[in-house]
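Here are a few friendly notes to read alongside the model. Have it open as you go through the points.

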Amino acid sequence: MSTLSQIFSEVVVLLSGPDPDLIEIVWLSLRVSLTATFLACLIGLPLGALLGIKNFPGKTLCTILVNTLMGMPPVVLGLIVYLMLSRSGPMGFLQLLYTPTAMIIAQFALVLPIVAALTRQQIEDSWREYGDTMSSLCVPLSGSVKTLLWDSRLSLLTTGMAGFSRAISEVGAVIIVGGNIDHLTRVMTTAIALETSKGDLPLALALGAVLLTIALAVNSLVFSLRARIT
Amino acid sequence: MLPLEIKDVALTVNETHILRNINLQLTDNGITIVMGHNGAGKSILLRCMHGLLEPTEGKIQWNGDTASDVETRKKQAMVFQKPLMLNRSAAANIEYVLKLRDKPKSLVMKYLQSANLDSKSNQPAKSLSGGEQQRLAIARAIACDPEAIFFDEPTANLDPDATLQIESQIISASQQSIKVIMVTHDIAQARRLADDVVFLNKGTITEHCSADKFFTRPESAEAGNYLSAYIK
């Protein structure tokens, strides 16, 4: 009981006082995850729509591959990105390791298959309904992709949210490529991992509650946007 | 773009003969009604004529051009039994095809008025009633400036009033020198609209003649049975 009240008071302290360190961590978390999600949507939405509409040899294989990548463990993905960005890796010359950009790249790679796979399913279902009319109107492939993405925008908002939730809540990839460096690459999840390892469980749980509050706020924002569009 | 010539067309899917030995020539404008029992292949034939489906044998040509060529298909439009409305306003649905065909946006109201939907231009198309959606689908098809238009049972599941409104749009399209080819099960409707009738039975055309002749003295036994079954 005392632990619960301790956590609760920690949360109140964290949320009420403008702690510059916490603001910095929250801001970096949002910057990294929102940028990664935005970039993943920019590529994943049209990619998923193409997979849903276009028939080509190897489509089934591509679909299975994209679906499988949704389950990629963040730690493994972080390791791959680490190897790519490390000094001896193929992209080592960019010197991005242990920077927020490296964290964006890792989260982008994590979110991209989620956005692409969910979009593919959504657009493939819509294509069954729209296909005849689009073909009859001789709408080119690019036009069909744009039309279906626009017409499915409400469902795709949820896809974007699924991607963002994955990005903001993962720790494995960002801790490997970011290194959890104070005032540089420390985000909410890596801060929670650090406090847990130090044994400061109330603070770790309070940070978790803050993370959930942020996720709740972003979801509420998207939900109200969705309601406005409807 | 007439004449439409269909020569020795067959369509086989998974060893099932859906269309067999189809030969047909349509030379005149006006309304051609395609009739036949369920599963006779009427809708499939319509899709083949429109170039949405490639026959496995034979050829379909519009004034010498292959039906499935994009340029040939752009001169046609099709209205389906269940109208597909884009997830936007009624006006935006018309605007969509005007943009596709490089036509000015200012024509939107003209086409909405032709469907008696000008007062609902800003309403989401999906919120319109079934009859209104079908009228909008027809206006959208006509906005493509087609030389031929296909209707696949456009009034199925509509009430008599909505059906008559759709029929007046079809007649109006025909009066604008658009070739109309339509599938219907409604014999009364076929009598009201048809200039000529194509009768399909088990994937084969058993009769093609003027509407007057078809409804008074059908030549094939299958057409006679079909008409008598419905008249009873």
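1. At 11% relative accessibility, Cys138(A) is buried (buried is under 20% relative accessible area, exposed over 50%, partly exposed in between, with a 1.4 Å probe and protein chains only). The model is predicted, so to speak of local features pLDDT must be at least 70, and side-chain atom pairs count only at pLDDT 80 or more, while totals for chains, interfaces and linings use all residues. Residues are numbered from 1 along each chain as its sequence is written, chains are lettered from A and ligands numbered from 1 in the order written, and side-chain values use heavy atoms, without hydrogens and water.

2. Cys41(A) is also buried, at 18% relative accessible area. The whole structure has zero disulfides over all chains (a disulfide is a pair of cysteine sulfur atoms within 2.5 Å). For Cys138(A), the nearest cysteine sulfur belongs to Cys144(B), 8.4 Å away.

3. Chain A and chain B bury about 1500 Å² between them, 53% of it from carbon and sulfur atoms (buried area is the accessible area, 1.4 Å probe, that two parts lose on being put together, summed over both). Ser136(A), Leu137(A) and Cys138(A) supply 36% of what chain A buries against chain B, more than any other three residues.

4. Two salt bridges cross the interface of chain A and chain B (a side-chain nitrogen of Lys or Arg within 4 Å of a carboxyl oxygen of Asp or Glu). Arg88(B) and Asp151(A) meet in a salt bridge at 2.6 Å, N to O.
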